[in-house]
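Please consult the sequence and the structure while reading.

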Amino acid sequence: MTYVVTDNCIKCKYMDCVEVCPVDCFYEGENMLVIHPDECIDCGVCEPECPAEAIFPDTDSSVAQAWLALNHQYASSWPNITRRKTPPADADAWNGVPEKFDAHFSGKPGEGE
Ligand code: SF4
Ligand code: F3S
C-alpha cells in the first residue's frame with residue numbers, strides 16, 4: 001500500500017504535503033507533485049494536509065489505483081521536493097475543477113529545490 005497524488009493537485013500544487021512527509025518521498029512536476037510508491041511508508045499524515053484533498057491511499061478507490069502507475073512513473077524522473085515553495089497564484093481558482101488531467105497534466109519536471 002502507498003498513498004498517491006491524484007487529479008486535483010494539477011495546477012493547485014499547494015505543497016503543504018511535502019512539509020510533513022517523514023521520508024521525503026514527494027517529487028515535483030511542472031504543475032503537480034507525485035509520491036514515490038516504493039518510498040512511502042503509508043503513515044497517512046500528508047492526506048489531511050492537502051488543501052485540495054488530492055491525496056488518497058491507493059486502496060481507496062479505482063481512481064487512486066489508476067493514479068498509482070502515474071505516481072510511480074514520474075517519481076522516477078522528477079526532482080525530489082521537501083520544502084514548500086510559493087504555490088501558483090491561481091491555485092485556489094483551480095481547486096475543484098473536474099478532470100484536469102486531459103487538458104492540463106504536464107509531464108515536465110519541476111524546478112526542484
Ligand atoms: Fe509521506 Fe506518509 Fe504521505 Fe507516504 S503517507 S507520502 S510517507 S507523509
Ligand atoms: Fe498537491 Fe495537495 Fe501537495 S495540491 S502539492 S498534493 S498539498
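Are Lys13 and Glu28 buried or exposed? Lys13 is buried, and Glu28 is buried as well, where buried means under 20% relative accessible area, exposed means over 50%, and partly exposed lies in between (1.4 Å probe, protein chains only).

The model is predicted: local features need pLDDT of at least 70, side-chain atom pairs count only at pLDDT 80 or more, and totals for chains, interfaces and linings use all residues. Residues are numbered from 1 along each chain as its sequence is written, chains are lettered from A and ligands numbered from 1 in the order in which they are written, and side-chain values use heavy atoms, with hydrogens and water left out.

Helices (H or I, at least four residues) and strands (E, at least two) are DSSP runs, numbered from the N terminus.

Glu28 also forms a salt bridge with Lys85, and here the closest N and O atoms are 3.0 Å apart. Again distant parts of the chain are linked, since Glu28 is in strand β2 and Lys85 in the loop between α2 and α3, 57 residues apart. Glu28 counts as buried because its relative accessibility is 2%; Lys85, with a relative accessible area of 26%, is partly exposed. Through shared partners, the salt bridges join Lys13, Glu28 and Lys85 into one network.

A further salt bridge connects Asp16 and Arg84, whose closest N and O atoms are 3.3 Å apart. Asp16 is in helix α1 and Arg84 in the loop between α2 (62-75) and α3 (91-94), so that the pair links distant parts of the chain, 68 residues apart. Asp16 counts as partly exposed because its relative accessibility is 23%, and Arg84 counts as partly exposed at 40%.

Turning to the cysteines, the count of disulfides comes to 0, a disulfide being a pair of cysteine sulfur atoms within 2.5 Å. Cys40 has a relative accessible area of 14% and is therefore buried. Cys46, at 7% relative accessibility, likewise counts as buried.

Note on methods:
A salt bridge is a side-chain nitrogen of Lys or Arg within 4 Å of a carboxyl oxygen of Asp or Glu.
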